[in-house]
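The following questions and answers examine a two-chain model. Please consult the sequence and the coordinates alongside each reply.

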Amino acid sequence: MLTFITRRILLTIPVLFLISVIVFSLLHLIPGDPARVILGQDATPAALQALRVQLGLTRPLWLQYVLWIGGVFHGNLGNSLQTGLPVAMLIGQALPVTVELAIGTIIVSGLIAIPLGIYAAVHKGRLADLITVFGASIGLSIPPFWLGIMLLLLFTVHFHLFPSSGFVPFFQNPIQNLQSMFLPVVATAVREAAVLLRMMRASLVEVLGADFIRTARAKGIVWRVVVVRHAVRNALVPVLTQSGLQVAGLLGGLVITETIFSLPGFGSLLVNSIFSRDYTIIQGSALVAALLVVGVNLVTDLCYGLIDPRIRMGKGA
Amino acid sequence: MAVRKQLIATTASVLLALAGTAFAASPSLAMSHPVAHRSAAPSGTIDIGLSADPPKLDPSLSSALVDRQVMINLYDTLFQLSATGMLEPDLATGYTVSKDGMTYTLQLRKGVMFQDGTPFNAAAVKFNLERDQLKISPRHSSLSAISGIDVTGPYTIVLHLSKPFSPLLNVLAGRAGMMVSPTAVKKEGAGFLNDPVGTGPYEFVKRVVGSYIDLKANPHYWVKGEPHFENVEYKIFTDPNVELLNLQSGAVQFIDTVPPQQVSSMEMTSGYTVINKPSFGYQGIYLNVKAAPFTNLFLREAINNAVNRSLLVGAIFRGTAVPAYSPFGPASPAYVKSEDTPPAVNPTLIRKLLKEGGKPKGFSFTMQTATSPLDVQIAEIIQSMLKPYGIQMNIDQLDFGTMLNNSADGNFTAMALGWSGRLDPDQDIYSFFYSGAPLNSSQYSNPKVDALLNQARETSDMAVRKAIYAKAMAIINHDSPYVFLYHPNNVLAYSNSIKGFVYIPDGLIRVATLS
């Protein structure tokens, strides 16, 4: 297990290096000039040049990269071109918001999808199954931005039950934090739950038709024990893979939810930086995002072993 | 069955626990309402919604319009605009201009201190103006006429110009006239924009990028009895519908924009006041006179004549914009109604122009535009207006950063890009149509226009300037390097619990008078 983890962590180093080179090169290929975005429409060529020199953008590209990556090795992600604030601090402020939102979404969607998926699979073809599958289809078709606006209208404008904006860090005030995260989590979890539910149901239906289930039943094991202990554990593996992919996707893909609920998250930071050509923030964020995705994949792989002991992570894995 | 029940029970209890904490009776962050008092000591908090996150709170470096919403409360300006659009003293109490228009002497307000205790005086003004004259400051070009600054007394400063420049006082009522603390700039260096210090009614406290900006009352503010609110919290909403929802939920009491389709319903809703007034800005389309097909004057004229502005404004803006035919809208001191009214669309004239331009059956071109739903809608309406004449307009959606680059490099045929407007009419026309000026993306050049624009700069009488601009606009509209479309309004809304709002034509929310 330890060898596996060590190897996976060591493997991330070339991955991160490659990503940093690709992001850096792509950034300089897209049209747009940070100096122009900073100085605005009416900037004179002399002013633009003066700012480019000040920001270090006139140096050769390779030198810019070397200087930046050298800083990264010393734990310095550089400063924002727009505001001059340290990139590490900006990411440090934005990331917890999105991580909390992503984790909350996965927990809530899992709590909805797994029991309902099991219930639908066990009652396959019956009315309960049809209703659940129909509900999941609706959940899949509702765009999160529409649901977000509706939730805001209902729970903040008509019934003043939740705040309509603002984020309070969990360790500053856990109750206010949960209040501010409840609606955003619901708005994203509905769709994610629908995806997971369909996955859970399909996977369990398949497992329930397998030979070993018939054998287990033939041996006289109680049905619910067969379902929970034998079938569900097997059926959870693809669901877990899906959840892992969902978390990874959510880390960068929550921009719309963040916009609607005015949460200063990682997705918004990244998108705004791209629009303002804030190279240092984009580079730092891409690196951190890559690190997170690699981390989530690692955790997912480790979880397989917990659910299904046949998947060994030991030597030779 | 027991396992199933257990699963359902666990799910339900976790969901309930989550909901329970959310419903708990603690005071929520956004449900609080302001406590307004008209007492000597400021009290309570006002929450203001902003449609974008202000990038730079340093007037010397700011280039975004939204920066001004916050800066107007952190800084005072040398001159300020009155509710009727006239110039009034602010940190400068008076001025004299030499007969040749080359020397301005400003008398400064005594007894004013920056929020860090630095005294405000002529040396501070000199420091500020010289800082704004640095090349990396977006203020550089508007102060380029100043060739020397002399401090002739502790509260007297003399500005020497290299040539007469009548827009100067209006410029000093904008960001170039916002005074920052020299001590703080020297201490903070590049970090000043994240810890700004001025003489205004509010001091900077804290900001979280993309989320909020907190200010608190300046206890040493020189205007007695102001401000009334102790704290100001700006909250950032990048979606205007979400911003409006937050006004309705009570999370904010004032918002800096209202989506056009919501304005009439908000005006009908009791409990809110909607301000819907002309702004200094305009929107339009650059036609690149150095790129085919718009090297052809007749084809440019055809486009300029084929766009029905009234229809466009009626379809999209629902009373939150007015048709434009010049840079000077109803808020501008250079506004002349007849000059700013687009001619009625005349299909015969357009067909004649196309024929004269050698394209009787029409032609095709690509217009670059921004990606917002509003920009795309406008482009599509214009596209349909040109179609009957056989003019095929393709739409190319680009992000703002790319558009700025293309506009500067002349890398476009047509581009929808407007201007947020400034106090002085010169700043809304000169740089756009003067040969080789930074905003002249059409690469238009006409010596007659250049001469008129220079003449207006040297004339201090606004009535005379108006007449000169009218002459210039007649030539510009004939040459059609830019298709003026509309002047957007400043649309603000606030809860009726807020009292004391004074609307100034720049559309900024000055918190000092609010209670």
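Helices (H or I, at least four residues) and strands (E, at least two) are DSSP runs, numbered from the N terminus. The model is predicted, and local features need pLDDT of at least 70, side-chain atom pairs count only at pLDDT 80 or more, while totals for chains, interfaces and linings use all residues. Residues are numbered from 1 along each chain as its sequence is written, and chains are lettered from A and ligands numbered from 1 in the order in which they are written.

Q: In which loop is Tyr335(B) found?
A: Two residues are in contact if their C-beta atoms, placed from the backbone, lie within 7 Å. Not counting residues up to four places away in sequence, Tyr335(B) touches Phe328(B), Gly329(B), Pro330(B) and Asp340(B). Tyr335(B) is in the loop between strand S14 (321-323) and helix H10 (347-356) of chain B.

Q: Is Tyr335(B) buried or exposed, or in between?
A: A residue is buried if 20 or more other C-beta atoms lie within 10 Å of its own, exposed if 12 or fewer, and partly exposed in between, with C-beta atoms placed from the backbone. Tyr335(B) has 19 C-beta neighbours inside 10 Å, so it counts as partly exposed.

Q: How many helices and strands are there in chain A?
A: From the N terminus on, the elements of chain A run α-α-α-α-α-α-α-α-α-α-α-α-α. The C-alpha atoms of chain A fill a box of roughly 85 × 60 × 35 Å along the principal axes, and 42% of its 317 residues count as buried. The count for chain A is 13 helices and zero strands.

Q: Why is chain B as compact as a globular protein of its length?
A: Chain B has 15 helices and 18 strands. The radius of gyration is taken over C-alpha atoms, and the globule rule is 2.2 Å times the number of residues to the power 0.38. For 515 residues the rule gives 24 Å, and chain B is therefore as compact as a globular protein of that length, its radius of gyration being close to this at 26 Å.

Q: Which element gives the most residues to the side of chain A that touches chain B?
A: In this interface, 57 residues of chain A are in contact with 57 residues of chain B. Elements that give two or more residues to the chain A side include helix H5 (87-122), helix H8 (174-208) and helix H10 (223-253) of chain A. With six residues, the element that gives the most is H8(A).

Q: Which residues does Ser203(A) contact, leaving aside its neighbours within four places in sequence?
A: Ser203(A) is located in helix H8 of chain A. It counts as buried because it has 21 C-beta neighbours inside 10 Å. Beyond the neighbours left aside, the contacts of Ser203(A) are Ala235(A), Pro238(A) and Val239(A).

Q: What is the handedness of the β-α-β unit that contains helix H11 of chain B?
A: Strand S15 (residues 364-369) and strand S16 (residues 392-397) of chain B run parallel and are joined by six bridges; two strands pair if DSSP finds at least two bridges between them. A crossover is right-handed if, with the strands pointing away from the viewer, the path from the first strand over the helix to the second runs clockwise. The unit made by S15(B), helix H11 (residues 373-386) and S16(B) is right-handed.

Q: What covers the buried residues of H13(B)?
A: Eight of the eight residues of helix H13 (residues 426-433) of chain B are buried, so the helix is largely enclosed by the rest of the structure. Among them are Asp426(B), Ile429(B) and Phe433(B). The cover includes helix H14 (447-457), helix H15 (462-479) and strand S18 (482-495) of chain B.

Q: What is the phi of Gln443(B)?
A: Most residues other than glycine have a negative phi, and most peptide bonds are trans. Gln443(B) lies in the loop between H13 and H14 of chain B, and it is partly exposed, with 14 other C-beta atoms within 10 Å. Although Gln443(B) is not a glycine, its phi is positive, at about 60°.

Q: What is the omega of the cis peptide bond from Ala292(B) to Pro293(B)?
A: Pro293(B) is found in the loop between strand S13 (283-287) and helix H8 (297-306) of chain B. The peptide bond from Ala292(B) to Pro293(B) is cis, with omega near 5°.
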